[in-house]
Amino acid sequence: MKQTNHNKSFFIIAMGLRTVALLCVTGPIMQTFLASIGFSSQWIYIHTSIVQAVNILTISLCSTWADRGSVIKRTAFVELPYALLYILYIPLCLWKSASLMSFLLLTGICLLQSVCIALWTICEYKLPYYIFTPREYGSVLSIGGIVGGLISLGAGMVIAQLSSVLSYSTLMLSACAVSLALMLACTALHLGLKPISDAPVSSGPAGKKISQLEVFRYPLFRRMIPANLMRGFGYGTTTIFAAIALDLGFDQSVSTALVSAQSIAALAGCSLVGIALSFVAPRVVTLAGSLTFLLIPLMLIPNKFVFLAVFVLVYLGRTLVDYSVPAILRAAIPVQIAGPFNAWRMLLHNGGTLLATTIAAFIPVSWLLVLTAVFQLISGLHYFLAKDLRTEQ
């Protein structure tokens, strides 16, 4: 119990700090930075798609990466290069050029960080088997999300205030410095995690390595392929809402406000997850979150307050899905196959994300929003109805 409580504290703090650090290079902050130095929404979509493609490639090539050695150490050490890469953004913040060279350099840095994120993702879904009991995982995720949401909300409010008096390049420079410090702290905290007494001792029975072919033969994996792809598509659209706002004619004040709105939604979503998982099955929470995506077409109304309100509700719904799905799978998937299973599940998810960000550059925004609503609803129903996922938490 003492070791579990120690792990909970370290994991929750690291999760909160990492959430804030990731704001710098994912979502509204990076998209607004690209727009502020002169890149069009089409270039922003392309940038996001390239980064997602590398993430997918890394996961596909390294799906068993978490099965070698200590998953705790691998989780920590992959964060170190991710943190140091923030230093390379500094010249680009000072250069402030919309040239092709600037785009390639900035995207190159993001690609390296995407590799780190992919490796971290592979570890992310196996790590809980070694540091928590199944019943604790959902509550730990929700508390970590609340901590991250509170810190992100404060950071978003500061950014929104400073954006009126400082250039966005200056803000990006400061954000990179803060993110570097936060990710280094995450590395130290993850190194402080210790396996619980009943943690698994191997990747499979008698130390057997699980092959990728065995994952593809796993019935649940095959049945959930459409749901994971469609969930990824819905997620992908939420990652480019800042670019969508600019595409719809809203100014930078709206795209900047999305940072605070995102934090508020995530905070509310994590709080709801923590409460809901005490009363209902995680699959019910997943369906409830998916239903909020039906509001997305309302973003086409030319009113910034409607756009922001819908964004908050949809992002809240995405948060419900993001935190309930791991709780579902932690109980339903055995540790022997958890590493490669979740790696390939996330590859499908990221494939859907890549599809959304790629076609966003070629189809009308209205079509993208309608497709997103439909796909996420189908995904939520699939997770809700799948018999193999009806495991008591």
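## Conventions

Contact means heavy atoms within 4.5 Å. This is a predicted model: local features need pLDDT of at least 70, side-chain atom pairs count only at pLDDT 80 or more, and totals for chains, interfaces and linings use all residues. Residues are numbered from 1 along each chain as its sequence is written, and side-chain values use heavy atoms, with hydrogens and water left out.

## Overall fold

The chain has 19 helices and 0 strands. Both are DSSP runs numbered from the N terminus: helices are H or I with at least four residues, strands E with at least two. The radius of gyration, taken over C-alpha atoms, is 20 Å.

The C-alpha trace spans about 60 × 40 × 35 Å along its principal axes. Of the contacts with a separation of 6 or more, 88% join residues 24 or more positions apart.

## Core

Buried residues make up 55% of the chain. Buried means under 20% relative accessible area, exposed over 50%, and partly exposed in between (1.4 Å probe, protein chains only). The largest nonpolar core holds 123 residues. Such a core is a set of buried Ala, Val, Leu, Ile, Met, Phe, Trp, Tyr and Cys residues joined through side-chain atoms within 4.5 Å. Helix α17 (residues 304-332) supplies the largest share of this core, 14 residues.

M30, Y86, Y89, F241, I244 and L389 have the most contacts inside the core. Y89 touches V25, M30, L106, I109, C110, Q113 and C176, leaving out residues up to four places away in sequence.

## Helices α16 and α19

α16 packs against α19 (residues 365-385) at about 170 degrees, with the axes 8 Å apart. That makes the pair roughly antiparallel (angles over 145 degrees). Axes are lines fitted to C-alpha atoms, for helices over the stretch in contact, and angles run from 0 to 180 degrees between N-to-C directions.

R283, V284, T286, L287, S290 and L291 in α16 meet Q376, L377, G380, L381, Y383 and F384 in α19.

## Two sites

S278 sits in the loop between α15 (252-276) and α16 (282-291). S278 counts as exposed because its relative accessibility is 56%. S278 and S139 are 139 residues apart in sequence, yet 8.7 Å apart in space, C-alpha to C-alpha.

T187 lies in helix α10 (residues 168-191). T187 counts as buried, at 7% relative accessibility. Beyond neighbours within four places in sequence, T187 contacts A76, E79 and L80.

Notes:
Angles under 35 degrees count as roughly parallel, over 145 as roughly antiparallel, 65 to 115 as roughly perpendicular and the rest as oblique. The radius of gyration is taken over C-alpha atoms; the globule rule is 2.2 Å times the number of residues to the power 0.38.
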